[in-house]
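Here are some exercises to work through with the structure in view. Try each task on your own before you read the solution.

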Amino acid sequence: MAGGGSGVQVVSRRLVKASYPSIEPHVLAVSNLDLFSNAVQGSVICVYPKPAGASDFNAVVATFEAHLPRYLNYFYPMAGRIVVDPSSGVPELHCYNQGAELIVGDAGVELWSLDWGLSEGSIKRIQLPHAQEVALSVQLVSFTCGGFAVVWATNSLIGDGNVGVMLVRMWSELVRTGSISGGGPTHDRSVFGPRDPPTYGPSVAGMFMPWDHENEVNALTAEESFVERLYYVEERDITMLREKASSIESGVPTRVQALSAYLWMALAGIVGTSKLLSEEERRCRMLWWIDGRQRFSSPELRASLRDYAGTVTSYVVGDAAVGAVLGKPLTGVADMVREAITSVDYDELYQQMVDWMEVHKPAKFFERSTFGLGSPTLAQTFWFSFPGDTDFGFGQAALAMPVHASLRRLCSGFICISAKPANPGTWILSAFIWPRLAAALESDEQRIFKPLTAEYLGLTRGKYRLRPATRPRL
């Protein structure tokens with residue numbers, strides 16, 4: 001039968017256990033930073049064209065069956081279960097080698113037939129649901145064109161985006177070389193411990209709000225306020241934005257700073273046309289989720305976190321009047337982005353977040369700026385910054401990007417930026433944004449944001465010799 005309404009026919013489903021008998025079963029406590037993620041499901045989806053040569057989907061399945069038990073020796077918590085401690089109310093990982101899930105499915109359609117400009121019409125139709133307590137569900141989905149998808153479905157309690165990319169990268173390395181360089185990931189979460197007594201200031205205390213019904217925008221407003229899109233931004237356009245945002249005083253901005261400046265000006269442009277705001281109320285915010293692994297001052301700590309399998313994510317916000325944004329050239333707005341991101345003392349920010357959660361757990365919280373109250377906020381996260389490798393013997397994926405769980409009734413814009421596997425200078429973006437912002441981006445004569453297509457991904461019909469499909473499902 002089809003799984004969860006996705007249209008993917010489940011062919012087989014089984015549990016795969018780690019193969020080393022010497023690994024001791026244990027309970028892995030999560031860090032306070034992990035708890036900010038609220039233990040929600042998410043996944044990384046890698047979409048592959050038909051493999052070259054004689055390889056086919058049966059060879060893909062055989063590769064996972066052969067190597068996944070050894071892979072789980074490195075990612076032992078992924079073979080465990082997520083359990084809430086009844087006394088503390090805090091989730092933890094029960095690492096008893098219960099087994100990761102391995103699902104084989106059949107989409108029954110060709111890859112080119114999906115609507116790659118819409119996440120609901122493509123990547124969100126590929127994945128299958130999995131139980132909340134399962135730490136890892138690997139889903140292999142075949143398409144009638146000979147292409148396939150690998151879904152690495154996990155839970156945010158396992159780690160942040162860096163860990164999601166790490167799962168794919170280390171799998172590829174293990175299959176191709178027989179080992180994982182550096183010994184694999186580090187699972188010890190004790191590096192981020194609270195002070196005694198926990199200490200934090202009003203700034204960190206104001207970063208989060210309880211995630212409950214009373215603090216969320218009503219469902220009808222949330223459902224009608226946003227559209228989901230998939231875009232790509234070519235390397236030449238990113239270079240062009242960097243050149244436009246350069247100055248003698250500030251030099252050449254980073255790719256993040258240049259694109260963020262462009263987006264901030266686009267957001268300010270539509271907020272400035274709102275009929276519901278007075279001149280004093282016309283403000284907008286940009287939010288950036290920050291991977292702290294390279295932000296700490298200690299070189300030793302940065303080195304130890306390189307393969308850390310946990311959450312090291314915080315966020316910063318830039319808030320400005322519409323006139324202040326639109327009154328500057330792109331270079332001036334890029335300076336505002338740089339100041340917002342680089343002026344933070346990340347050592348102290350992370351420690352205060354750990355201390356704050358120590359006092360407030362096990363309640364669930366979310367970033368205050370993302371609830372949709374006050375000034376409109378556009379949030380960004382940058383998966384392209386994590387080192388990736390999707391080639392586990394069948395070539396690089398055409399697309400590799402996260403699929404986030406439902407944003408429920410959060411009413412802020414959200415953009416996730418991933419690198420195109422075969423061309424990391426080009427970005428693929430998943431956007432959850434206001435229709436007016438989508439219209440502004442898509443109508444801009446510079447055409448920075450282009451709708452993603454099967455042709456751009458190299459998934460056109462003419463490339464494949466199709467195998468028979470009994471009926472369309474996806």
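**Exercise 1.** In which helix does N73 lie? Then work out whether N73 is buried or exposed, and which residues N73 touches beyond its neighbours in sequence.

*Solution.* Bear in mind that this is a predicted model.

Step 1: Find the helix. N73 belongs to helix α2, which covers residues 57-74.

Step 2: Check the accessibility. The relative accessible area of N73 is 11%. Buried means under 20%, so N73 is buried.

Step 3: List the contacts. Leaving out residues up to four places away in sequence, N73 touches A18, S19, Y20 and I23.

Step 4: Look for polar partners. The side chains of N73 and S19 are joined by a polar contact of 2.9 Å. The side chain of N73 also has a polar atom 2.9 Å from the backbone nitrogen of Y20.

**Exercise 2.** How many salt bridges does the model contain? Take the pair K124 and E228 and explain which parts of the chain it ties together.

*Solution.* Start with the general idea: side chains of opposite charge can pair when their charged atoms come close.

Step 1: Apply the cut-off. A side-chain nitrogen of Lys or Arg must be within 4 Å of a carboxyl oxygen of Asp or Glu. The count comes to 20 salt bridges.

Step 2: K124 and E228 meet through their side chains at 2.9 Å, N to O, in a salt bridge.

Step 3: K124 has 27% relative accessibility and counts as partly exposed.

**Exercise 3.** D307 forms a salt bridge with R306. Is D307 buried or exposed, and is R306 buried or exposed?

*Solution.* 

Step 1: The closest N and O atoms of D307 and R306 are 3.2 Å apart.

Step 2: D307, with a relative accessible area of 9%, is buried.

Step 3: R306, at 53% relative accessibility, counts as exposed.

Definitions and conventions: Residues numbered from 1 in each chain as written. Predicted model: local features only at pLDDT ≥ 70, side-chain atom pairs only at ≥ 80, totals over all residues. Heavy atoms only, no water. Helix = DSSP H or I, 4+ residues; strand = E, 2+ residues; numbered from the N terminus. Buried < 20%, exposed > 50% of the residue type's maximum accessible area, 1.4 Å probe, protein only. Polar contact = N/O pair within 3.5 Å; in protein donor to acceptor, adjacent residues only side chain to side chain. Contact = heavy atoms within 4.5 Å.
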